[in-house]
Amino acid sequence: MMPDFLDFVPVERFRQCLALSPDGTTVAYSSNAGRAFDLWTIPLAGGKARRVTSLQDRAVWQIAWMPDGSRLVFTADHNGDEQYRIYQVAPDGGEPEEISSGPDCQRVLADAPFDAEGRYLFYGANDRDRTVQDVVIRDLAEGAERRIIPPDGVIFTPARPSPDGRWLLVAGVRSNTDVAAYLVDLTDPAADPRCVTAEHGAALFVPGPWEPDSSAFYVCTDVWGEFTSIGRYSLRDADLTRITEEEWDVELLEAAGDTLVWSSNQRGRSVLHASRNGAAVALPETPQGVIDAFVISPVEAAKSSRLHAYVELSLLTGVRTEEARALRWDHVVAWVHEEEWRPVVKAGFDHERFAIYVWRSVRAGGDTKTEKSRRTLELPGRAAEALRKHHTRQAAQRLKAGEVWQDNGLVFCSTTGRPLDAANVRRAFRLITKKAGIGETWSPRELRHSFVSIMSDGGLPIEAIADLCGHSSPAVTGEVYRHQLRPVVTKGAEVVDAVFGPSKSA
């Protein structure tokens, strides 16, 4: 009798690419379930996979989502010729549209191929010279291109733009064991790429993710010994610090917010590790095997948005949206030398106490809603830190905009310095709530409602809440926010029960 036949040939293969949608709900991947390697998506929570493309004579290789989640971008070659072109397609399918230009060549998307606005696409290409790979920065709005040419003997591969939009991190490859990290200034078209690891000599410096405030980035490097470990390069100090000291090679590295995740090769098996603010985070054990790709879902939806500081300030101070949109940098102040408040544009952010002057709004004439609405609010530490990072990011955006920047002194403005329109704020805020998984029916004014709830639940008297909100009287607060306020009439009964104990039925 013949033994049972076991077929070990896989019925479906996957390519080494994963892309998580900006709202953290959908995974895009390349699979040959339809015979050719097509683009597929599947809900992160589980469900039926959707075939997005039907390419037949082409095969999908790299995949990325546009920052707003409206389109998927992918590379594909023709019948395995490894001459990759770049396409975009809607997540629910349709005919792919090519967005690359020029002759057939090898095109490689950056690890993070878009700036925060989704206007610029970063990729490597050897279309200019078959023996050289340049970095191409394509303006999707105008169709223009900026080309970064590497030094002789170096192949450039773009890695990631900094969160503030100032820098593009690039890998400069001379060999498999000699990879340097370069920075390209995105605000200066005439600037040459700068090698930031040159002082360490020939070694492996594979660029990784940026820190959220763009002050540093991570690399996988073997500069400290036999094994590849994680290093952190500080732009301010031009200093490389060792992060991990395992006797195993680090292979993959990703970050989201203050969380760092990496895989190491331990006796041929991949093991996942994570840390948050430098402290180890326990992870479930993964099946034995080799991890080829992984992605991290967003930890806080607003942090990747230009509206991050706007959300933080509104939620943590209770300012009206019309007041936030009118806030000027000279009305953001620091307590200096324990004697006076000075604008941060002169005093800087190297202080411990900060406040905002809520003296303006976008109402006709620029005045606040009522006389009582004019107020000075000290900032919680988290709000102050959000504004500090926002100030740095806006400075880079100003350099990038150049002559088209309109200097209105606004804290919250467009990418060219113009005042924010209420409709634009609503749309951007709904993208944040969608990304956070709470739907798209929210409006920015509900941040103020949430602030009142937080203050009330924290035990703050209604009179103090009225002052913080700029209401003419506590009666207005009680009327407008009656659903957010904790009923204080229960306090007496709660105290009596706490002292004497609840009554028992006879």
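Which charged end sits over the ring of Trp335? The charged end of Arg353 does, 5.4 Å from the ring centre; a charge sits over a ring if NZ of Lys or CZ of Arg is within 6 Å of the ring centre and within 35 degrees of the ring normal. Arg15 likewise lies over the face of Phe37, at 4.6 Å from the centre of that ring.

The model is predicted, so local features need pLDDT of at least 70 and side-chain atom pairs count only at pLDDT 80 or more, whereas totals for chains, interfaces and linings use all residues. Residues are numbered from 1 along each chain as its sequence is written, and side-chain values use heavy atoms, with hydrogens and water left out.

The secondary structure of the protein chain comes to nine helices and 28 strands. These elements are DSSP runs numbered from the N terminus: helices are H or I with at least four residues, and strands are E with at least two. Of the 506 residues of the chain, 43% count as buried, where buried means under 20% relative accessible area, exposed over 50% and partly exposed in between, with a 1.4 Å probe and protein chains only. Contacts are defined by heavy atoms within 4.5 Å. Among the contacts with a separation of 6 or more, 38% join residues 24 or more positions apart.

An open sheet of four strands has the order β1-β2-β3-β4, with antiparallel pairing. Its edge strands are β1 and β4 (50-51), each of which pairs on one side only. Two strands pair if DSSP finds at least two bridges between them; strand β3 (residues 36-43) and β4 run antiparallel and are joined by two bridges. Trp40 has Arg51 in β4 as its bridge partner.

Aromatic pairs are also present. The structure holds 10 of them, a pair being rings of Phe, Tyr and Trp (its six-membered ring) whose centres lie within 6.5 Å; planes under 30 degrees apart count as stacked, over 60 as edge-to-face and the rest as tilted. The rings of Phe14 and Tyr29 have centres 5.7 Å apart and planes at 55°, so this pair is tilted. It links distant parts of the chain, with Phe14 in strand β1 (residues 14-20) and Tyr29 in strand β2 (residues 26-34), 15 residues apart. Tyr29 counts as buried because its relative accessibility is 11%. Trp61 and Tyr84 form another tilted pair, because their ring centres are 6.5 Å apart and their planes lie at 35°. Here Trp61 belongs to strand β5 (residues 58-65) and Tyr84 to the loop between β6 (72-78) and β7 (85-89), 23 residues apart. Trp61 is partly exposed at 35% relative accessibility, whereas Tyr84 is buried at 13%. Elsewhere, ring pairs link Trp210, Phe217 and Tyr233 into a cluster.

Ala355 stands opposite Val333 and opposite Glu378 in β28.

Helix α4 (residues 381-401) has 21 residues and reaches 30 Å from its first C-alpha to its last, close to the 30 Å expected at 1.5 Å a residue; the expected span is 1.5 Å times one less than the number of residues. Its buried residues include Ala383, Leu387, His390 and Arg393, and the buried residues of α4 pack against α1 (308-317), β25 (332-336) and β27 (354-358). Gly402, whose phi is positive, near 65°, follows the helix.

A nonpolar core is a set of buried Ala, Val, Leu, Ile, Met, Phe, Trp, Tyr and Cys residues joined through side-chain atoms within 4.5 Å. The largest such core has 30 residues, and those with the most contacts inside it are Leu313, Val332, Ile356, Leu379, Leu387 and Phe412. The elements that give two or more residues to this core are α1, β25, β27, α4 and α5 (422-435). Not counting residues up to four places away in sequence, Ile356 touches residues including Leu313, Val332, Leu377 and Leu379. Apart from this core lies another, of 14 residues, among them Ile63, Trp65, Leu72 and Ala76.
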